[in-house]
Amino acid sequence: MFNGRLNLSMQVLDELKKYYKDKLFKTAIVRNVRLSEAPSYGKPIRYFDKYSKGAAAYEELTEEILKRI
């Protein structure tokens, strides 16, 4: 989970790119409230709020994984 507004997140991302550039996915799962709330309700984000940014990010990541395999 990524927060581009935090220096630490950006530093970690830079380090990851330095060592694993070819292996990283382009899609980042950004932190948001709806994504954080879903487990409290015992639901995956797709069922809790399928129109949230978190749900869209996981959908993008799924597509990216499927293209790689």
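How far apart are the mean positions of the 14 positive and 9 negative charges of the protein? They lie 1 Å apart. The model behind this value is predicted. The protein has 69 residues, with four helices and zero strands.

**Overall build**
- The elements run α-α-α-α, starting from the N terminus.
- The C-alpha trace spans about 35 × 30 × 15 Å along its principal axes.
- Take the contacts between residues at least 6 apart in sequence: 46% of them join residues at least 24 apart.

**Surface and burial**
- Of the residues, 23% count as buried.

**The nonpolar core**
- In soluble globular proteins, nonpolar side chains tend to be buried together.
- Here the largest nonpolar core holds eight residues.
- Its members are I29, L35, A38, I45, F48, A55, A57 and L61.
- Two elements, α3 (45–48) and α4 (53–68), each give two or more residues to this core.
- The most comes from α4, which supplies three residues.

**A closer look at A57**
- A57 is one of the residues of the largest nonpolar core.
- Leaving out residues up to four places away in sequence, A57 touches T27, A28 and I29.

Definitions and conventions: Residues are numbered from 1 along each chain as its sequence is written. This is a predicted model: local features need pLDDT of at least 70, side-chain atom pairs count only at pLDDT 80 or more; totals for chains, interfaces and linings use all residues. Side-chain values use heavy atoms; hydrogens and water are left out. A nonpolar core is a set of buried Ala, Val, Leu, Ile, Met, Phe, Trp, Tyr and Cys residues joined through side-chain atoms within 4.5 Å. Buried means under 20% relative accessible area, exposed over 50%, partly exposed in between (1.4 Å probe, protein chains only). Contact means heavy atoms within 4.5 Å. Lys and Arg count as positive and Asp and Glu as negative; His and the chain ends are not counted. The place of a charge is taken as NZ of Lys, CZ of Arg, CG of Asp or CD of Glu.
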